[in-house]
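Here's a quick briefing for anyone meeting this structure for the first time.

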Amino acid sequence: MNLLQDFAAFFLILILHSSLSGPALAHQVTFYLHNKCPFPVWPATASNTGHPVIARGGFYLPSGKIQRVDAPWDWTGRIWARTGCNFNSNWQPACETGDCDGRLECNGLIGTPPATLVQISLQADKRQPNFYDISLVDGYNIPISITNKQLSPKCTINGCLKSLLKSCPYELQVVNDNGDVVACKSGCLAFNSDSFCCRNEYGTPQKCKPNVYSKIFKDACPNYYSYAFDSPSPLVNCASNEYVITFCPSSWGAGDPIESI
């Protein structure tokens, strides 16, 4: 199935889903979260200070399913996917990646890195474009893409070219109890150094340059932020009230050894 056929099949599902869910409200922005991973994920949201929690902060999304999430026009925050979760036990963390204090509904808590982050800033003025990016500044767990419902190229952030779980250096790897690599830390997260974290004397674009680890991230996922001062900026601005966020948009994602418990 080529890319156009893939999107056509997706939007047929989306139309059927929308007919059951009702029309998107004019004063809201709607995100359709589509899980194309060969395993379930637990999407999570964390709103910035002063903004309401959306989608209860987190929920279960089986493989192949779509969940509609509505947000106010001026909402800002993060969306990510948790993997390998088990909320039926008393141990913490409940998820292998992206965990938020062992809770299904994060309710404002930010997930534990490393996790691939979608960062969104919606504009209260509907005439202005919305801003979003995908960040690996703290690390990676799965590939994600985002576009508007019209599939405009200027509104699209594509997924990764290859799996960072397979190319992740040993010193950055996060492994589960089975010894599988389930996430890849950034250099900043792994070593907490000023040069990797772009802070203090390295807190400017002139002083903080791409490093050996950010280059590995950029090679795999060229459309994402690989470090704090990534240039040219991967930030996208796009005027729309409906967006599609896809977890594991690339077929190679099926080879990643992440399993739901």
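A disulfide here is a pair of cysteine sulfur atoms within 2.5 Å. By that rule, the count comes to eight disulfides. Keep in mind that this is a predicted model. Let's walk through some of the links.

**Cys 155 and Cys 238**
- A disulfide joins Cys 155 to Cys 238, with an S to S distance of 2.0 Å.
- This link is right-handed, with 85° about the S-S bond.
- Cys 155 sits in the loop between strand S8 (144-148) and helix H2 (164-167), while Cys 238 is in strand S11 (residues 236-238), so the pair ties together parts that are 83 residues apart in sequence.
- Both Cys 155 and Cys 238 are buried.

**Cys 160 and Cys 221**
- The sulfur atoms of Cys 160 and Cys 221 are 2.1 Å apart, and the two form a disulfide.
- Distant parts of the chain get linked here: Cys 160 is in the loop between S8 and H2, and Cys 221 is in the loop between helix H5 (212-220) and S11, 61 residues apart.
- With 95° about the S-S bond, this link is right-handed.
- Cys 160 counts as buried because its relative accessibility is 4%, and Cys 221 is buried too, at 1% relative accessible area.

**Cys 188 and Cys 197**
- Cys 188 and Cys 197 are joined by a disulfide, S to S 2.0 Å.
- The link of Cys 188 and Cys 197 is right-handed, with 100° about the S-S bond.
- Buried means under 20% relative accessible area, so Cys 188 is buried at 17%, and Cys 197 counts as buried at 13%.

Conventions:
Residues are numbered from 1 along each chain as its sequence is written. This is a predicted model: local features need pLDDT of at least 70, side-chain atom pairs count only at pLDDT 80 or more; totals for chains, interfaces and linings use all residues. Side-chain values use heavy atoms; hydrogens and water are left out. Helices (H or I, at least four residues) and strands (E, at least two) are DSSP runs, numbered from the N terminus. Buried means under 20% relative accessible area, exposed over 50%, partly exposed in between (1.4 Å probe, protein chains only).
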